[in-house]
Amino acid sequence: AWLRIVAQASGNFPFGGPPATVAPVLAVRFVQGAFGADLGLSQTYGGPLRPVTGFARVSWRLDR
């Protein structure tokens with residue numbers, strides 16, 4: 001239960017601005033109680049094509 005595979009996407013849909021973008025993400029999440037840490041890769045589509053981006057994120061769930 002402490003290791004999870006995460007697939008998600010984020011998007012940007014501006015009003016009257018540059019074109020909309022979408023960035024699918026594939027990550028590994030490590031969980032210990034209310035705390036979590038993600039390590040993943042993302043690719044942005046829709047605007048200028050960017051290289052694959054790596055990220056690290058730490059989170060704390062308040063609903064526990």
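Rings of Phe, Tyr and Trp, the last by its six-membered ring, pair when their centres lie within 6.5 Å, and planes under 30 degrees apart count as stacked. By this rule the predicted model holds 2 aromatic pairs.

**View 1. Trp-2 and Phe-30 form a stacked aromatic pair.** The ring centres lie 6.2 Å apart. The planes meet at 20°, so the pair counts as stacked. The two residues come from distant parts of the chain. Trp-2 sits in the segment before strand S1 (3-12). Phe-30 belongs to strand S2 (residues 21-32). The partners are 28 residues apart. Trp-2 is exposed, because its relative accessible area of 52% is over the 50% cut-off. Phe-30 is partly exposed, with a value of 35%.

**View 2. Phe-35 and Trp-60 form a stacked aromatic pair.** The distance is 6.0 Å from centre to centre. The angle between the planes is 10°. Phe-35 lies in strand S3 (residues 35-42). Trp-60 lies in strand S4 (residues 53-60). The pair therefore ties together parts that are 25 residues apart in sequence. Phe-35 is exposed, at 52% relative accessible area. Trp-60 is exposed too, at 57%.

**View 3. A nonpolar surface patch includes Trp-2 and Phe-30.** Four residues make the patch: Trp-2, Leu-3, Phe-30 and Leu-39. The patch covers about 420 Å². Two of its members, Trp-2 and Phe-30, are the stacked pair of View 1. Phe-30 contributes from strand S2. Its relative accessible area is 35%, so Phe-30 is classed as partly exposed. Trp-2 is exposed, at 52%.

**View 4. Ser-42 is a buried residue of strand S3.** The relative accessible area of Ser-42 is 13%. That value is under the 20% cut-off, so Ser-42 counts as buried. A polar atom of the Ser-42 side chain lies 3.4 Å from the backbone oxygen of Pro-24. Leaving aside residues up to four places away in sequence, Ser-42 touches Ala-23, Pro-24, Val-25, Pro-51, Val-52 and Thr-53. Phe-35 is exposed, whereas Ser-42 is buried.

Methods. Residues are numbered from 1 along each chain as its sequence is written. This is a predicted model: local features need pLDDT of at least 70, side-chain atom pairs count only at pLDDT 80 or more; totals for chains, interfaces and linings use all residues. Side-chain values use heavy atoms; hydrogens and water are left out. Rings of Phe, Tyr and Trp (its six-membered ring) pair if their centres lie within 6.5 Å; planes under 30 degrees apart count as stacked, over 60 as edge-to-face and the rest as tilted. Helices (H or I, at least four residues) and strands (E, at least two) are DSSP runs, numbered from the N terminus. Buried means under 20% relative accessible area, exposed over 50%, partly exposed in between (1.4 Å probe, protein chains only). A polar contact is a pair of N or O atoms within 3.5 Å; within protein, one must be able to donate a hydrogen and the other to accept it, and residues adjacent in sequence count only if both atoms are side-chain atoms. Contact means heavy atoms within 4.5 Å. Patches are made of residues with over 30% relative accessible area and no salt bridge: like charges are joined within 9 Å, nonpolar side chains (Val, Leu, Ile, Met, Phe, Trp, Tyr) within 5 Å. Accessible areas come from the Shrake-Rupley method with a 1.4 Å probe; for residues, only the protein chains shown count as cover. A salt bridge is a side-chain nitrogen of Lys or Arg within 4 Å of a carboxyl oxygen of Asp or Glu.
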